[in-house]
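Take a look at the charged side chains in this model. Where do they pair, and how exposed are the partners?

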Amino acid sequence: MYLQIGTEDFIKTEDIIGIFDLDNTTVSKASRDYLNFAEKQGLSKTVSFDLPKSFIVTEEKGKRTVYISPYSTNTLFKRID
């Protein structure tokens, strides 16, 4: 199954490692460091120019990617169900 994470962006649900709320997780220094690391390594992809609300960590064929999404974690979880 695929999950729509942006206006035109879809990912395979079986590739998802985690879905995280940006407001709650970026309070932690470890989360901020991880997002900065992913960006510097070219592992992050912003899927919209709208205000980001969540990030999704995926791994496909051994490659990890962090998608920054304008959709809330609640919206994404509802779409999975």
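**Salt bridges in the model**

Asp 33 has a relative accessible area of 39%, so this residue is partly exposed. The model is a predicted one. Asp 33 pairs with Lys 29 in a salt bridge, with 2.9 Å between the closest N and O atoms. Lys 29 is exposed, at 53% relative accessibility. Both residues belong to helix H2, which spans residues 29-40. Lys 29 and Asp 33 are four residues apart there, so about one helical turn separates them.

Side chains of opposite charge can pair when their charged atoms come close. How many salt bridges does the model contain? The count is four.

One of them joins Lys 45 and Asp 9, at 3.3 Å from N to O. Lys 45 sits in strand E4 (residues 44-46). Asp 9 sits in the loop between strand E1 (2-4) and strand E2 (10-12). The two residues are 36 apart in sequence, so their pairing ties together separate parts of the chain. Is Asp 9 buried or exposed? Its relative accessibility is 16%, below the 20% cut-off, so Asp 9 counts as buried. Lys 45 counts as partly exposed, at 39%.

Arg 64 and Glu 59 form another salt bridge. Their closest N and O atoms are 3.0 Å apart. Arg 64 is partly exposed, with a relative accessible area of 37%. Glu 59 is also partly exposed, at 32%.

Key
Residues are numbered from 1 along each chain as its sequence is written. This is a predicted model: local features need pLDDT of at least 70, side-chain atom pairs count only at pLDDT 80 or more; totals for chains, interfaces and linings use all residues. Side-chain values use heavy atoms; hydrogens and water are left out. A salt bridge is a side-chain nitrogen of Lys or Arg within 4 Å of a carboxyl oxygen of Asp or Glu. Buried means under 20% relative accessible area, exposed over 50%, partly exposed in between (1.4 Å probe, protein chains only).
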